[in-house]
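Open the model in your viewer and keep the sequence panel beside it. This tour goes stop by stop: select, look, move on.

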Amino acid sequence: MKEVFSVGGKELTSRLLIGSGKYSTNKLIPAILDASGSQVITMAMRRVDTEFTEENILNYIPSDCVLMPNTSGARNAQEAIRIARLARAAGCGDWVKIEVISDNRYLLPDNYETIRATEVLTAEGFQVFPYMSPDLMVAKELERVGAAAVMPLGAPIGSNRGLQTRELVRILIEEISLPVIVDAGIGRPSEAAEAMEMGAAAVLVNTAVATAKDPVAMARAFGLAVEAGRTAYLAGPGATQQVARASSPLTGFLREE
Amino acid sequence: MGFYQECKEYQKSDFNSFFNKLTDEDIRRIIYKSRLSPWDYLALLSPVAERHLEEMAQRAQQLTLQHFGRSILLFTPLYLANYCVNQCVYCGFGAKNLINRKKLTLDEVAAEAKAIAATGLKHILILTGESRVHSSVQYIRDCVEVLKEYFTSVSIEIYPLEEEEYADLIATGVDGLTMYQEVYDEAEYDKIHLAGPKKNYRFRLEAPERACRAGIRTVNIGALLGFYDWRSEAFLTGVHANYLQSQYPAVEVSISPPRMRPHVGGYMPREKITDKNLVQYILAYRLFMPRGGITLSTRESAELRDHLLPLGVTKMSAGSSTNVGGHAGGEPSTSQFDISDERDVPAMVKMLYNQGYQPVFKDWQMLG
C-alpha cells in the first residue's frame, strides 16, 4: 500500500507538485499529470480566464486533481491577499500558494510580506503554502501563524540550477515540524530525488518539465525520482564516511580477553 | 543620479572607439556570462557581434524559454483620440496635418471595448494624441472606468504626466505604461520635435520613472528606430530599462524595438534599420536583461514577426488598428501610421500554436 502524505487537510499519495506555467499549450496538462502521478497543480490566478473557454486553464485540469492557485504577480501582502480571495471566490478551493515577489530581476520572495499575507489568510480559513527564501526564523514564524507547509526555494525560479540552498533547506527540515516542500530551482530529476532523500516532504517542479524537449517524458522521470528519493529517505541511507572502511579491518585480529 | 544624468554620461563615450577594440573572443566570452554589464551589452550591439548572431540567438532562445516558457502575451491598442498639439515630423497625428480628428465618446469606447473583448483579449493599451484639452486626464480616467468592465489589464500610451496624475490613473485601474522616448539623442530629439510640449526631452525621458514612483505595475519603453544611429539608441534604451529595473525592482520592465513606418506626414528617417540590425538588437537585449519583456508590434511584417518570435519576444499586439474607433466598425479616422501585420486575433492564435507557443490572453487580474 502506498504511503500517504497528509498536508493542508488532504491526503495525497504523490509527493510531486506540478506547476502549470510555460507550456506551449494547456492541452498538455492532463498528460503531464498522468505521467508524473502528481495530484496537485499550481496555477497563476493572474492567468485564469473563466470567460474564455479555449484558453481557460481550469478546463484542462482533471476534477480529481487538487488545485493550488498561486498569487504570482503580487508585489506585497495586500495584493496577495486580494488574489487569494479572488481565487476562492472563483471556486478554486481553499488552498493557496503565496508568492510575494517585489524583485523582478531574480524573482526572490519577500519573506516579510509573505508572513503578513499568510497570517491574514490562515485566519480566513485558507490552507496557506508560502513560497519563501529558506530562513529558519521566517519558517518558524510561518509555522506560528498557521501555514500548512513551507516552500523554500532550491534556487531562483526557472533557473534549473538545483538545490543551491541545500544547507538552509536541510536546517528547515530538521527544525520545522511543518512539511517542507522544495519549490523553485529544481532542474533535474536527480535533484528532486536528492531533496526527497534529505527528508523534504515534497517538491514542486514547473520549468524543468515545461521547458524539456519532451515534457511528458520529463514529468514521468520526475514522478519516479520523487518516489525513489522518498523511498530512500524512509529506508534510512547508511552513514557516510570520510575515509574508506575496509572489509578486512587492520584491527580485526583483536579479541575480547 | 537619475537616468537623465546617467544617459548624458553614457553619451559622452566614444562608441566607435569602443567597438574598434572588440575582438571575436570578447563577444564569445560575453555571450556566456551569467550577468552582463552595460558595456557587455554595448559590445553585443557592435559590428563585431554581427558575426556571432547565431550563437547569440541560441543563447537568447534558451534564456527566453527558461524565464518565460513557450507563451506569448497578446494585447491590442485602442486609439481614443487623435487630437494633438505637437508638431513631430514623423507622426500622422501632428497638429499641422490636415486629417480627420476624432475623439471617442464613452459610448463609443464601450462599443470598441465590446468588439475587442469578443476576440478574447484581456489586455488593452489605450492611446491618445497629446492634447490636454481634448484628452484630459479626467477623460482618460472616465475611459478606464468603462474599459475595466471588459479587460483585466489596461495600459496607457499617452502624453507624459506628473507623478500625482499617474497615481490618480493607477488608482482608477491603469496598471501599465508605454512611453517611447522616440530618440534618446537629445540634439536629434530637438530637431524632429518642432513645436509643442513634447519638445521637453527631459520631462518625457523621466516619465516612466514618475510612473514607477506612483506604483505602476508594468513599464514598456523604446526608441523609434530610424532617427539616429541604431546601436546607440538600442544601447540607451537597454540601459534605461536596466536603470528602471534596478531602481524599481517590483516593476515589470519591457522594451519595444519599433522601426519607422509610413504615415500621413510623409517624413521618412535617414537611418535604414535592416532586419539583421533589428535581430541583433533583440538578441543583445535578451542577453543583457534575461527577464526583461520584449514587445513586438504590428509595425513589422507577419513573416518577420513569425521569425522573430523564438528569439526573445514576450508580448505581441494582434488585431491592431491605429485608427480612432477602428475596432467596432465606426466611421474611420486617419491612422497614426500604417501597420504591416494585419492578422486578426484568431490568425495570430493559430500562428502561435503552429509555432509551438501558447497565446496568453490574460496575465493580470485587475485588483482595483
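Which loop of chain B holds Thr23(B)? Select the stretch between α2 (15-20) and α3 (24-31) of chain B; Thr23(B) sits in that loop. Bear in mind throughout that this is a predicted model.

**Stop 1: Thr23(B)**

Show the surface around Thr23(B). The residue is partly exposed, at a relative accessible area of 38%. Along the chain, Thr23(B) and Ala49(B) are 26 residues apart. Their C-alpha atoms are separated by 8.8 Å.

**Stop 2: the largest pocket**

Stay with chain B for now. Select Ser34(B), Leu63(B), Gln66(B), His67(B) and Pro290(B) and centre the view on them. Of the 28 residues that line the largest pocket, these five lie nearest its centre. Two elements give two or more residues to this lining: α5 (53-68) and α13 (275-288) of chain B. Colour α5(B) on its own. It supplies the largest share, 6 residues.

How much space lies in this pocket? About 690 Å³. Colour the lining by class next.

**Stop 3**

Zoom in on Ala184(A). It sits in the loop between β9 (181-183) and α6 (189-198) of chain A. Is Ala184(A) buried or exposed? Its relative accessibility is 10%, so it counts as buried. Show its contacts, leaving out residues up to four places away in sequence. They are Tyr131(A), Leu153(A), Gly154(A), Ala155(A), Ile157(A) and Leu204(A).

Then move to Asn206(A). Its loop runs between β10 (202-205) and α7 (207-210) of chain A. Beyond residues up to four places away in sequence, Asn206(A) touches Gly19(A), Ser20(A), Gly21(A) and Tyr23(A).

**Stop 4: the second largest pocket**

Remain in chain A. Select Lys2(A), Thr13(A), Ser14(A), Arg15(A) and Glu227(A). The second largest pocket has 20 lining residues, and these are the closest to its centre. The space in this pocket is about 340 Å³.

Now highlight α1 (29-36) and α8 (215-235) of chain A. Each supplies at least two residues of the lining. Which element gives the most? That is α8(A), with 8 residues. By class, the lining has 8 nonpolar, 6 polar and 6 charged residues.

**Stop 5: Thr118(A)**

Select helix α3 (residues 111-123) of chain A, then pick out Thr118(A) within it. Thr118(A) is buried, and its relative accessible area is 0%. What surrounds this side of the helix? Setting aside neighbours within four places in sequence, Thr118(A) is in contact with Ile98(A), Val128(A), Pro130(A), Leu142(A), Val145(A) and Ala147(A).

**Stop 6: a covered helix**

Return to chain B and select α7 (residues 137-147). How many of its 11 residues are buried? The count is 8, and the helix is mostly covered.

Next, bring up what covers them.

**Stop 7: the cysteines**

Select every cysteine. How many disulfides turn up over all chains? The search of the whole structure finds 0.

Finish on Cys212(B). It is in no disulfide, and the nearest cysteine sulfur, in Cys7(B), is 16 Å away. Cys212(B) counts as buried too, at 7% relative accessibility.

Conventions: Residues are numbered from 1 along each chain as its sequence is written. Chains are lettered from A and ligands numbered from 1 in the order in which they are written. This is a predicted model: local features need pLDDT of at least 70, side-chain atom pairs count only at pLDDT 80 or more; totals for chains, interfaces and linings use all residues. Side-chain values use heavy atoms; hydrogens and water are left out. On a 1 Å grid over the protein atoms alone, a cavity is a set of points where a 1.4 Å probe fits but cannot get out, and a pocket is an open set with protein on both sides within 12 Å along at least five of seven lines; lining residues have an atom within 4 Å of a point. Grid points are joined across faces, edges and corners, and a volume is the space filled by probe spheres set on the points. Helices (H or I, at least four residues) and strands (E, at least two) are DSSP runs, numbered from the N terminus. Ala, Val, Leu, Ile, Met, Phe, Trp, Tyr, Cys and Pro count as nonpolar, Asp, Glu, Lys and Arg as charged, and the others, Gly among them, as polar. Buried means under 20% relative accessible area, exposed over 50%, partly exposed in between (1.4 Å probe, protein chains only). Contact means heavy atoms within 4.5 Å. A disulfide is a pair of cysteine sulfur atoms within 2.5 Å.
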